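User: Please take one close look at the aromatic rings and the backbone around them. Where do they sit, and how are they arranged?

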Amino acid sequence: MRTSQFFLATLKEVPADAEIVSHQLMLRAGLIRQVAAGVYNWLPLGHRVLSKVSQVVREEMNRAGAQEVLLPAVQPAELWQQSGRWDDYGPELLRFADRHERDFCFGPTHEEVITTLARAEIRSYRQLPVNLYQIQTKFRDEIRPRFGVMRSREFIMKDAYSFDRDSEGMSQSYQTMYDAYVRIFERLGLQAQAVEADSGTIGGNFSHEFHVLAESGEDAIAFCSTCNYAANVEKVDLTPASPSRPDATETMSEIATPNVHTIADLCNCLNIASSQTLKTLIVQGSEDTPIALVLRGDHSLNKVKAEMLAEVANPLRMASAKEVEEATGVAPGSVGPVGLNIPVIVDHGAAGVADFVCGANREGFHLKSVNWGRDLAEPRTHDLRQAVEGDPCPTDPSQPIQVRRGIEVGHVFQLGTKYSEALDGNFLDAEGRSQPFHMGCYGIGITRIVAAAIEQSHDDNGIIWPAPLAPFDVCIVPIGLKKSQQVADAVEALYADLTDAGFSVLLDDRNERPGVMFSEMDLIGIPHRIVIGERGLSKGIVEYRDRASGESADYPLDAFVTTLKTISSLAPNTT
């Protein structure tokens, strides 16, 4: 491809509304352009990368025995009502009515549609197992779309669905897909980590997320370097830190704390560590009554763990300031567990603290030197908090976990019979009895992978694509192309030879200064750059530069195709 014929829409300035590196570079390199909040055009350069991702995903899905289908993006409300998700999914589900006032939604996922397809077509156990997948546009009406395609409303996803006779078969299909995902991310050249995860709105009893590791990631990933344990911090089980708490050393007393309403304010006022304080959070209960959750001041409530409590409403909802005052008689910031007349559940870590400081249930005051079993009853405890760096590994408590940031790009679920039972998805077993399908669900964010790859690999000059994702393998930058026939002839010959050898080549044949061409090729992230000029040709050489390392070297022109095959160490990308 020649740049004179290619729609290369680069920008010199960083767009003001682009907050993270991937968004900035995708706009500057001309991969995307915004149409509306969370909705983007994909330009030719970006589409080439998308196609590379889709091709690898498609090849590995086919290799794993899945079969490609294409399901409708628009889905009738009746299916979602039958599964129970029409109301449960929430405002992210884009709902609309057609001209006949029939309700539809734009699919954020396709469990309902695929289950009804299987229900209609799979009648016997002899037809199982089956795994069907698609690569298609989805829409989720994010309340605050941001970070470009990282958190957009419209996106492209690969979603696969397996159907099995029983839970054993479902587990085998799940493992097959898990292994396929590992291969996908290896082939894409991404550093990814599989972690245990919560199943969220999709449902099911068991799932793993796949994260591209990057400091800008929104998710925190806990892992142990000695036992290969890895999980989203929401899924880390935290046992009590100690079998017993220290003895009380002081008598409980009330202390004036005017204008103190946060843990930080309290610590500054009393010159104490946040680990010596307790905070009391009021949440909505499952019986429409308030519940108090108590944690150490330096810990954060884990929403997923809280929602697992039978007494707590799901989804979790924090009480408003008015509701807190109605339940406790005091405004938020002054609430404490001593004398509280609503159910109290205490995190294991908070239950292990002695002589702690907490709200006094009186505006402008706190209690200090409070102790469980003396100043208030021994608490009912539960694991309520988010894991942090240094917490004990659930598999090997003698080892601390480490926490890194990750960008979720894939998620695999064991759904069980959640959807087949709701939607009457049944088959006849060997005895002629009707049985529900045991299902799995497997998603990969095609568009998000592009952004995640940039977050993981870039520098001050632009994108550094992993070779399998690069829109072109190599770029040729001529010096004096319009002035030298010798340069023009050498460029055309090398362009043809590289193309014939299977490399995808971008020839910069514009009438631009060398510095401009070098800068733009770095910005768009082409892995290999070749510079051809009269000075080098007089010696029979070309200048080669590796985008990732920044290293340059001169090589003989007449053997350069063979040289590049060796340098790249990867099969050339096809287009």
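Analyst: Helices and strands here are DSSP runs, numbered from the N terminus: a helix is H or I with at least four residues, a strand is E with at least two. The model is predicted.

Start with F147. It is placed in the loop between β7 and β8 (154-164). Most residues other than glycine have a negative phi. F147 has 13% relative accessibility, so it counts as buried. D288 also has a phi near 65 degrees, again positive in a residue other than glycine. Its loop runs between β14 (278-284) and β15 (290-296). Here the side chain is at 63% relative accessibility, so D288 counts as exposed.

Now the ring pairs. Searching the whole structure gives 15 aromatic pairs. One of them joins F6 and F472, edge-to-face, with 5.5 Å centre to centre and 75 degrees between the planes. F6 belongs to the segment before α1 (21-28), and F472 to the loop between β25 (462-463) and β26 (474-478), so this contact ties together parts 466 residues apart in sequence. F6 is buried at a relative accessible area of 11%. F472 is buried too, at 1%.

Y181 and F185 make another edge-to-face pair, at 6.5 Å centre to centre and 80 degrees between the planes. These two lie 4 residues apart in helix α6 (residues 167-187), so about one helical turn separates them. Y181 and F185 are both buried. They also belong to one aromatic cluster, together with Y178 and F210.

Charges meet rings as well. R95 places its charged end over the ring of W86, 4.9 Å from the ring centre. R362 lies over the face of F365, 3.8 Å from the centre of that ring.

Back to the backbone, at two prolines. Most peptide bonds are trans. The bond from L128 to P129 is cis, with omega near 5 degrees. P129 is in the loop between α5 (111-121) and β7 (130-139). The bond from N314 to P315 is cis as well, with omega near 10 degrees. P315 falls in the loop between α8 (303-307) and α9 (321-328).

Terms used: Residues numbered from 1 in each chain as written. Predicted model: local features only at pLDDT ≥ 70, side-chain atom pairs only at ≥ 80, totals over all residues. Heavy atoms only, no water. Phe/Tyr/Trp six-rings, centres within 6.5 Å; stacked < 30°, edge-to-face > 60°. Buried < 20%, exposed > 50% of the residue type's maximum accessible area, 1.4 Å probe, protein only. Lys NZ or Arg CZ within 6 Å of the ring centre and 35° of its normal.
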